[in-house]
Amino acid sequence: MTACIAVAAPLTTRPNLVAVAEPVVDRAETIRADIEALARDLAGAERRARTPAGVPAAVEDELARRFRLLFREIEEASADLGDAAIAGLSELLGERFYPWVAASGLGERALHKPAGYAGDYQTIRMVYADVPLGSCWAGRFIDARVLESPAAWAVKNRRALLVAEIEAAAAAAAEEGRQARITSLGSGPAEELFDVWQRIAADGLRGAEALARMPICTLADMDFGALDHVCKRAAAEGCAAALRPLPANLARAALGRSDVALADQDLIYSAGLIDYFKDNLLVRLLDWIHAGLRPGGRVVLGNFHTDNPSRRMMETVLEWELIHRDEEDMRRIFARSRFGCEGLHFFFDPSGVNLFVEATRRV
Ligand SMILES: C[S@@+](CC[C@H](N)C(=O)[O-])C[C@H]1O[C@@H](n2cnc3c(N)ncnc32)[C@H](O)[C@@H]1O
């Protein structure tokens with residue numbers, strides 16, 4: 001395999017994602033009618049898909065346009081409509097779209113949560129693979145809508161940002177004549193580490209020389225399947241010697257209920273983990289991370305931003321609930337931790353959905 005990712009420049013401010021809505025007399029009723037109509041037309045298209053003629057591209061494009069418009073309208077209206085109306089719309093969506101969501105590759109995993117939560121490593125791999133899957137046409141249609149959403153792009157984009165962070169840590173340690181130590185929390189498929197490895201290979205390095213360029217990477221995850229997958233892939237690609245799998249429930253570690261600890265790390269990062277941790281737990285995790293960093297070491301944590309334009313789609317269609325946070329939330333949380341809130345650095349992936357916060361352990 002060749003290194004094929006481009007390391008995108010992070011954004012330091014969010015792009016403006018939400019358009020201004022037109023006033024509507026009864027927005028909830030209009031949206032309900034749109035949900036009913038789209039569900040009916042999706043069912044019609046699914047029946048057509050089973051005929052020799054199939055679904056014409058123009059019909060599919062029009063349904064996709066209506067799907068995007070519907071969720072943009074739900075997102076924009078949600079502040080005005082209030083929780084009860086949104087819950088009603090969510091129930092209707094659940095009822096009308098369930099057959100197609102359950103028949104889609106990502107939707108099926110998100111709804112049925114085989115690992116107990118929506119974002120397990122297999123689901124994340126499916127997002128990275130970026131190929132709509134499903135057991136019928138309408139299932140694949142739903143998968144395609146999820147994969148094109150800003151939330152899915154945030155996942156695909158963050159990988160390149162993490163590569164840049166890892167390479168920066170490796171370069172800084174190399175200047176001091178040592179190999180960097182890094183840890184991924186909630187490492188999942190750890191695709192970004194394989195990207196780093198492939199970029200080293202693309203520079204023409206092999207074997208011991210390549211391994212010397214690779215940081216020593218601790219992979220902390222509570223899912224044995226995820227760690228096993230990464231170890232097997234690393235063995236196949238020749239970088240197993242750089243990896244240290246660490247089976248651990250990081251919530252328990254943060255709360256001091258297990259003796260799992262890190263030491264002397266140059267970089268500790270996570271993406272797709274703290275969006276599941278409530279504030280108090282996150283403060284404890286930050287203290288645990290602080291203790292695991294060397295002086296001058298950095299933490300980089302990704303969290304979906306409160307302005308995520310796919311939030312309602314994730315919550316209603318996929319039942320994928322995350323804790324969204326903004327910069328103020330992060331400042332408030334870091335202020336309660338050993339890092340404090342001085343000198344925090346914020347950046348975004350190009351979709352503007354993934355907020356990253358970076359802090360340094362003071363020397
Ligand atoms: C959404 S995935 C993100 C994977 C990877 N960081 C990425 O961005 O591709 C979240 C990962 O965190 C792991 N995870 C969730 N809660 C955890 C916990 N309490 N302790 C350790 N791992 C956890 C899951 O098993 C899963 O592999």
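**Entry 1: Gly292**

I looked up the neighbours of Gly292 and, leaving aside residues up to four places away in sequence, I find that Gly292 touches Thr183, Ala261, Leu262, Ala263, Gln265 and Ile268, where contact means that the C-beta atoms of two residues, placed from the backbone, lie within 7 Å. I am reading a predicted model, in which local features need pLDDT of at least 70 and side-chain atom pairs count only at pLDDT 80 or more, while totals for chains, interfaces and linings use all residues. Residues are numbered from 1 along each chain as its sequence is written.

Gly292 lies in helix H11, residues 279-292; helices (H or I, at least four residues) and strands (E, at least two) are DSSP runs, numbered from the N terminus. Gly292 is buried, because 23 other C-beta atoms lie within 10 Å; the term buried asks for 20 or more other C-beta atoms within 10 Å of the residue's own, exposed for 12 or fewer, and partly exposed covers what is in between, with C-beta atoms placed from the backbone. I also noted Ala180, which is 112 residues from Gly292 along the chain, with 14 Å between the two C-alpha atoms.

**Entry 2: Ser187**

I next turned to Ser187, whose place is in the loop between strand S1 (181-185) and helix H7 (191-202). Is Ser187 buried or exposed? Ser187 counts as buried, because it has 28 C-beta neighbours inside 10 Å. Not counting residues up to four places away in sequence, Ser187 touches Leu219, Ala220, Asp221, Ala226 and Val230. The C-alpha atoms of Ser187 and Gly272 are separated by 8.9 Å, although these residues are 85 residues apart along the chain.

**Entry 3: the ligand**

I counted what lies around the ligand and found 21 residues, the closest being Gly119, Gly186, Gly188, Asp223 and Gly272; a residue is near a molecule or strand if its C-beta atom, placed from the backbone, lies within 6 Å of it. The elements giving two or more residues to this shell are H4 and helix H10 (250-254). By class, the shell holds 11 nonpolar, 6 polar and 4 charged residues, where Ala, Val, Leu, Ile, Met, Phe, Trp, Tyr, Cys and Pro count as nonpolar, Asp, Glu, Lys and Arg as charged, and the others, Gly among them, as polar. Domain 1 (27-149) and domain 2 (152-360) each give at least three residues to the shell around the ligand; the domain bounds come from an automatic or database domain assignment.

I followed H4 to helix H6 (residues 150-175), and the two axes come within 9 Å and cross at roughly 90°, with axes being lines fitted to C-alpha atoms, for helices over the stretch in contact, and angles running from 0 to 180 degrees between N-to-C directions. H4 and H6 are therefore roughly perpendicular to each other, a term for angles of 65 to 115 degrees, whereas under 35 is roughly parallel, over 145 roughly antiparallel and the rest oblique. Here Ile124, Val127 and Tyr128 in H4 meet Ala152, Val155 and Lys156 in H6.

Within H4, I find Tyr121, Thr123, Ile124 and Met126 buried, and what covers the buried residues of H4 includes H3, H6 and helix H9 (224-237). H5 is mostly covered, with 10 of its 11 residues buried, and its buried residues pack against helix H1 (27-49), H2, H3, H4 and H6.

**Entry 4: positive phi**

Lastly I looked at backbone angles, and just after H4 I find Asp130 with a positive phi of about 65°. Lys113, in the loop between H3 and H4, has a positive phi near 45° and is partly exposed, with 14 other C-beta atoms within 10 Å. Asp264, in the loop between H10 and strand S4 (265-270), has a positive phi near 65° and is exposed, with 11 other C-beta atoms within 10 Å.
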